[in-house]
Amino acid sequence: MRRTIGWVLSAFAVCAVALTATRAADDATLTGKVLDALGRPLPGAGVILRNREVAFQEQGTITHADGEFRFLLLPPGPHYELTVSLAGYTTIIFSDLSLESGRTLVQNVALRPATDLKETVRVQGKSQTLDTEKVTASTTFTSEFIAELPILGRDYQDILTLAPGVTDVNGTGNPNIHGARDTDVVTLVDGVSTTDPFTGYFGQNLNIESIQELEVITSAATAQYSRAQGGFANILTKSGSNEFAGTFKLFVRSGLLDGDGAGLDDPELTGGFQGDKVVREQHFTDLMPFLSVSGRIVADRLWYYLAAEYIHQETPVNALTHAFVTPVYGYRGFFKTTWQMHASHRLAFSVILDKEHRENEGIDSLADAESGYYLTRGGPTLTLRESAVFSPTRMLESAVSWFDNRFSQNPTTDPDTNDNGVLYIDDHPEWGGNGNGIFDARERDPGEDWDDDRHFDVYEDINFNNFAEGNEDLDGDGRVRASEAGCEGYGHEDLNCNGRLDSEIDANLNGTLDPQEDVGIRYYCDQWVGYCPSDYVEGTRGNGRYDTEDRNGNGRLDVVGDSGMTTTPFWIDANGNGRPESGEYRMPLAPDRDLGTDLDGRTTGPAVFEYHDHRTRFSWLEDFSLYVGEAAGTHDLKVGGSYEHEGYDSDTFQRPVITYPSGSKGATRSRTGDPAATRGN
């Protein structure tokens, strides 16, 4: 199945009237006024903003005629330092200012006249505790707060449920907000969506150590958000700085320290199952090392941030009738480089890598471990962001992103259980396939042992009387094998199964196979033969070459290699009892196993469902902000648009479920009547 979800084009425009600047997608804004002691504006004051701990180049400006200053498109983060100075006035330094994503910090400054001595006043900067202009209901978690959280897990979804109104009762990592569906939550990483374009669930995992800030928007989202009725998870990732920094963490959990994994019920409550003992015998280990490094490539110009995490998790499961471990293996990587091209132009490129492999899925008390399946998912998300400040009143933010993830489900047991590379014989007419291009249930790979007797069946009825006489019953099953069901074995030489070594004949002895002599190897159908797929063995008639059943040239028919015509090739009577037994000879290849149930009612065999799909999203976002002052007040105007193209490709396989309503399995498989049905079953 191949289909494309389609083109999704969403455009929005909003003009907001406010006293301060509105949010620019993920960056922060710092603004304020410089006044004297009497509250009069001080134009021409020098204002310098510094931060050595984020990807930020020192910026400076001077106040306007009304004493106002503005810094736009600032990387969110703590430890900003604002210095304000003017000749004849005391210099004031505001330290440890913290800027939040999409927020505007208003920091007004009052300068006092300087004394004869040079004086500098240092003030601890504080953000406003209440934003009266904000209508959005949201909760913000900073990296410092996340680092101190006592949460069990290494996923950002574990943090979302800490916000009011957010729940994830089934623990899937897809929460619902205020009762909305779990598919109505959109996750944005650095302003672009990483939601699965097919299911609406989360599509990309991100290590929580890579998060600078996480905002959970539960209601009243502004117009630039779209495609969600529940809410949004807005994630801002970390960037490098001028200072080199590195972090290494190791999370370990083991059965040596935690014997039952998560605690067990008393066996008396589980129908007598000795779960405590069985599960404690399951060995499991959780191992999750994490490493991050960041720093500068070029001071004040080019920075990097790199994070990598390996995931090895194993969880013991008590399924009452048996116990097993469900493992999760994978890795998560994040890389980001930021280039400050000049003071008003910044470029950032990031790569998110996420790969996950889950085993032993679909197993329960009535499904054996071999009947389970494993899930894989993951891929990259590439994002390029550009921020440009044309003037203190005009700025533009652009983003281009490519989400590219693959998902699959595969059976734990390879459906090709006999390992011959064949699942269906539709394109093998010599084995009973009808060649119609449709995989019928009767065209499952029969292997070589078509009647499940563990012997190679060869032509036994030498005298053509349909009775086992003398030494004709080679496999000792009380009947003779004529040619109606064919001879078993992919390598057998008796192609027409008539017990004779047949070949084309150079009748005129000219050393060349003439067209009239290229007649092929015939099937000999007489009164005892009920199955002839055609008059001639497939591919032997009119092919321009000399055909013979004696492919190895030893002058006799062989079943396997140089074995001769025997139902038990290479038999060694190890115990000397005169009977061929399992392990003493080479047996024919068994048919592929099918999903079914054993005598205890437990599902066995390879799972029948399998899929492989590819999910993509191309995103393009533009946001333009304009500040208008002294026009019946001050105004921030913002207009923007987004374009998304989503794609979905899927290949799905559904193999038949074979059931045996009555009798033994062997009896059902060896149906009589149509021999072709027997070899194709």
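## Briefing: strands, sheet and cores

Glu-215 stands opposite Asn-234 in strand 17. The two strands concerned, strand 16 (residues 211–219) and strand 17 (residues 231–237), pair in the antiparallel sense over six bridges. This is a predicted model, in which local features need pLDDT of at least 70 and side-chain atom pairs count only at pLDDT 80 or more, whereas totals for chains, interfaces and linings use all residues. Residues are numbered from 1 along each chain as its sequence is written, and side-chain values use heavy atoms, with hydrogens and water left out.

- Strands (E, at least two residues) and helices (H or I, at least four) are DSSP runs, numbered from the N terminus.
- Two strands count as paired if DSSP finds at least two bridges between them.
- In general, strands of a sheet pair through backbone hydrogen bonds, either parallel or antiparallel.

- Strand 21 (residues 323–342) and strand 22 (residues 345–361) are antiparallel and pair over 14 bridges.
- Two residues lie between strand 21 and strand 22, which form a hairpin.
- Thr-337 has Phe-349 in strand 22 as its bridge partner.
- Strand 22 also runs antiparallel to strand 23 (residues 373–391), to which 15 bridges join it.
- Arg-358 stands opposite Leu-375 in strand 23.

**Nonpolar cores**

- A nonpolar core is a set of buried Ala, Val, Leu, Ile, Met, Phe, Trp, Tyr and Cys residues joined through side-chain atoms within 4.5 Å.
- The largest such core has 24 residues, of which Tyr-156, Leu-206, Ile-211 and Leu-214 touch the most other members.
- Strand 16 provides the largest share of this core, three residues.
- A second, separate core of 22 residues includes Ala-28, Phe-71, Tyr-80 and Leu-105.
- Beyond its neighbours within four places in sequence, Ile-211 is in contact (heavy atoms within 4.5 Å) with residues including Ser-143, Tyr-156, Leu-206 and Ile-235.

**A buried loop residue**

- Phe-284 is placed in the loop between helix 3 (275–280) and strand 19 (285–298).
- Phe-284 has a relative accessible area of 2% and is therefore buried; buried means under 20%, exposed over 50% and partly exposed in between, with a 1.4 Å probe and protein chains only.
- Phe-284 and Arg-253 are 31 residues apart in sequence and 8.3 Å apart in space, C-alpha to C-alpha.
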